[in-house]
Amino acid sequence: MMNGRDPVIAFRPKRVGLVGFDEVTALNLVAPADAFATTALDDGYGNRIPCYEVHTIGVFSDRLRTENGLLFQAQHTLSAAPELDTIIVAGGRGVLRPEVTDKIAAWILKRIKVTRRVGAVGTGVQALAATGLLNGREVTTHWRFARELARRFPRLKIDHRKSFAHDGPYYTTTGLAGGVNLALAMIEEDYGPHVAQSLEEELALRLTKEDQDEFPPEATPSDNYPIDRFSELVAWVMRNLDADLSVEVLARRACMCPSHFSKVFKSILGEPPRDFVQNLRLNEARRRLSKRQKTLRTVSHSVGFTSSAAFQEAFERKFGCRPSGYLDTREPTAVLVSNGSH
């Protein structure tokens, strides 16, 4: 027994229902499903206790065709879904059809008294808004859909500039990483930041609460920069750590203005360009120091630090010790002997 409770009951996985339909955005289903299904606790004996039980639910059928043509086999339809702790409505063109919106909204209203929380990704907010449960609450959605959503549901407090909104038991999110961000927020709420951070590491994610992959309405089509373009830029940066890697230089290589470049860079890579470059430089410096190929001064200049003092201060902030101290901890025994009485 654990505080008067059966441990099996205490660790019973929470049921999460992911609602899909024809012309759903595949990533809105797959991303949160993977996040929830991967989350587990350590029982102290090397075993993993699953935190969630994921259920995929089709609105009219258990066969779903996504926007990109993939076919999904859902586990249930709305009429046969089990009792759920959490409901998440995916986004996609299909949810904008009135028959889909109305069906999901009616189902949520029947379930709301026995459901702890409800979330929506992107345009999935329309189905949740149709219930009336979001009236007077803060929500977000894709900026292209925000005006129409406001017209149809004027009592919503919509801020499309936010990638994530949480108001009471209702969660809304948007962007390519929207489904994962929604899942991470719920996982952190349930099990704390350590479990959420462990999940990010396991999935090799670099996400932030301020993830912004939505562009303002005035942006032109040429502002939609694919991730692989920034991958090429990062590869160039790693080959040129000793060069001028200021925001202005990087923005010029990306053919963008510095302010917009900084915003898009952070939305894709999770941190401002300056911090990203400095982390690359410090990690490479530590690698070179570990191999003991160069002196401290040579290493600092080879990774782009013009001042040895600045290098040492930055190194200490990141790794908790001065470069000289780092070298001392890795001094080979043979070297110590040769520098001693012999």
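**Figure 1. Salt bridges across the whole structure.** A search of the whole structure finds 14 salt bridges, a salt bridge being a side-chain nitrogen of Lys or Arg within 4 Å of a carboxyl oxygen of Asp or Glu. The structure is a predicted model, in which local features need pLDDT of at least 70 and side-chain atom pairs count only at pLDDT 80 or more, while totals for chains, interfaces and linings use all residues. Residues are numbered from 1 along each chain as its sequence is written, and side-chain values use heavy atoms, with hydrogens and water left out. The secondary structure of the protein comes to 15 helices and 13 strands; helices (H or I, at least four residues) and strands (E, at least two) are DSSP runs, numbered from the N terminus. Of the 342 residues in the protein, buried residues make up 44%. Here buried means under 20% relative accessible area, exposed means over 50%, and partly exposed lies in between (1.4 Å probe, protein chains only).

**Figure 2. The salt bridge between glutamate 53 and arginine 15.** The closest N and O atoms of glutamate 53 and arginine 15 are 3.0 Å apart. Glutamate 53 belongs to strand S4 (residues 52–58) and arginine 15 to strand S1 (residues 14–20), so the pair ties together parts that are 38 residues apart in sequence. Glutamate 53 is partly exposed, with a relative accessible area of 31%, and arginine 15 is also partly exposed, at 34%.

**Figure 3. The salt bridge between glutamate 189 and arginine 116.** In this pair the closest N and O atoms are 3.7 Å apart.

Figure 4. The closest N and O atoms of arginine 151 and glutamate 148 are 2.6 Å apart. Both residues lie in helix H5 (residues 143–152), with a separation of 3 residues, about one turn of the helix. Arginine 151 is exposed, with a relative accessible area of 57%, whereas glutamate 148 is partly exposed, at 32%.

**Figure 5. Glutamate 23 and a salt-bridge network.** A network of salt bridges links Glu23, Glu67, Arg93, Arg97 and Glu99. Glutamate 23 is found in the loop between S1 and helix H2 (26–38). Although glutamate 23 is not a glycine, it has a positive phi of about 65°. Its relative accessibility of 31% counts as partly exposed.

**Figure 6. The packing of helices H6 and H7.** Two packed helices are described by the angle between their axes and the distance between the axes. The axes of H6 and helix H7 (residues 193–202) come within 7 Å and cross at roughly 140°. That makes H6 oblique to H7. Axes are lines fitted to C-alpha atoms, for helices over the stretch in contact, and angles run from 0 to 180 degrees between N-to-C directions; angles under 35 degrees count as roughly parallel, over 145 as roughly antiparallel, 65 to 115 as roughly perpendicular and the rest as oblique. Leu184, Ile187, Glu188 and Tyr191 of H6 make the contact with Pro193, Val195, Ala196, Leu199 and Glu200 of H7, where contact means heavy atoms within 4.5 Å. The residues of this contact divide into 7 nonpolar, no polar and 2 charged (Ala, Val, Leu, Ile, Met, Phe, Trp, Tyr, Cys and Pro count as nonpolar, Asp, Glu, Lys and Arg as charged, and the others, Gly among them, as polar). Glutamate 200 of helix H7 is buried, with a relative accessible area of 19%. The C-alpha atoms of glutamate 200 and threonine 39 are separated by 9.8 Å, although the two residues are 161 residues apart along the chain.

**Figure 7. The surroundings of isoleucine 104.** Isoleucine 104 is found in helix H3 and is buried, at 0% relative accessibility. Leaving aside its neighbours within four places in sequence, isoleucine 104 is in contact with Val19, Phe21, Val59, Leu78, Val89, Val95 and Ala127. Isoleucine 104 and leucine 128 are 24 residues apart in sequence and 7.8 Å apart in space, C-alpha to C-alpha.
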